[in-house]
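Hi,

Here is the structure I said I would pass on.

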Amino acid sequence: MTKIIGLTGGIGSGKTLVANYIKSLGIPVYIADDEARKLMENDLVIQAIVNEFGTDILDDNHLKREKLAQLVFNNPDKLQKLNGIVHPLVKKHFDLWVREHRNFPFVVKEAAILFETGSYKDCDSIITVVTPLETKIKRILERDKTDRESILKRMANQWADEDRIAKSDYVIYNNTVEETQNQIKKILLLLKNQ
């Protein structure tokens, strides 16, 4: 049976770098945030979100993602409501995806909030990616063209690295690309030999 390897880490930790490298090695990787974004383009999902958050988040029948993000990241109750709409759909989609990849010994599910959503319980092993705080903030500032305060608020909605590490089987310390790739190779070798 195909094993599910969870890949997680806080915003700016380098999960995408790790996921892309694993994918380049021929291992199927499911990027939960990307799939959630695609699912949120479905008319029924948009309607459910509008029913919960109002028509202000719509622009020509498309979700105003930034407006929705501002609403939910500053309000844990609203974030939970949005997650309650989207996450069951992502889980269903992921289960179908795993079936499509059942010929692989293992697949990787990359999700920023793997622990927060409880989906870590469906994983056979978990890899957490960690990076020093200031490195994360610098990366996010460059990538998202945002401000430090907004970044810290988003981080406050996620688990701390220490909490993720305590529940993970493997930890990747993402400092340099070469070091990170070497750590990934070692972990993948251990997973293949399990």
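Trp159 is partly exposed, at 27% relative accessible area. Keep in mind that this is a predicted model, so every value here is computed from it. Trp159 has a ring partner in Phe115: the two are stacked, 5.0 Å from centre to centre and with 10° between the planes. Phe115 itself has a relative accessibility of 3%, so it counts as buried, the limit being under 20%. What does the pair tie together? Phe115 sits in the loop between β5 (106–110) and β6 (125–130), while Trp159 belongs to the loop between α7 (148–156) and α8 (161–166), so the pair joins parts that are 44 residues apart in sequence.

Is Arg164 buried or exposed? Buried, at 1% relative accessibility. Leaving out residues up to four places away in sequence, Arg164 touches Thr8, Gly9, Gly10, Ala112, Phe115, Glu116, Thr128, Gln158 and Trp159.

Next, the helix packing. Two packed helices are described by the distance between their axes and the angle between them. For helix α4 (residues 65–73) and helix α5 (residues 76–100), the axes come within 6 Å and cross at roughly 125°. That angle falls between 115 and 145 degrees, so α4 is oblique to α5. Which residues make the contact? From α4 there are Leu68, Leu71 and Val72, and from α5 there are Pro76, Lys78, Leu79 and Leu82. Sorted by class, that contact has six nonpolar residues, one charged residue and no polar ones.

Ala69 is in helix α4 and counts as partly exposed, at 25% relative accessibility. Its C-alpha atom is separated by 9.9 Å from that of Leu82, which is 13 residues away along the chain. Gly84, in helix α5, is also partly exposed, with a relative accessible area of 48%. From Gly84 to Ser125 the C-alpha atoms are 25 Å apart in space, and the two residues are 41 apart in sequence.

Last, some backbone angles to look at. Asp60 is not a glycine, yet it has a positive phi of about 55°. Asp60 is placed in the loop between β3 (58–59) and β4 (62–63), and at 66% relative accessibility it counts as exposed. Asn61, found in the loop between β3 and β4, also has a positive phi without being a glycine, about 65° in its case. Asn61 is exposed as well, with a relative accessible area of 59%.

Cheers

Definitions and conventions. Residues are numbered from 1 along each chain as its sequence is written. This is a predicted model: local features need pLDDT of at least 70, side-chain atom pairs count only at pLDDT 80 or more; totals for chains, interfaces and linings use all residues. Side-chain values use heavy atoms; hydrogens and water are left out. Rings of Phe, Tyr and Trp (its six-membered ring) pair if their centres lie within 6.5 Å; planes under 30 degrees apart count as stacked, over 60 as edge-to-face and the rest as tilted. Helices (H or I, at least four residues) and strands (E, at least two) are DSSP runs, numbered from the N terminus. Buried means under 20% relative accessible area, exposed over 50%, partly exposed in between (1.4 Å probe, protein chains only). Axes are lines fitted to C-alpha atoms, for helices over the stretch in contact, and angles run from 0 to 180 degrees between N-to-C directions. Angles under 35 degrees count as roughly parallel, over 145 as roughly antiparallel, 65 to 115 as roughly perpendicular and the rest as oblique. Contact means heavy atoms within 4.5 Å. Ala, Val, Leu, Ile, Met, Phe, Trp, Tyr, Cys and Pro count as nonpolar, Asp, Glu, Lys and Arg as charged, and the others, Gly among them, as polar.
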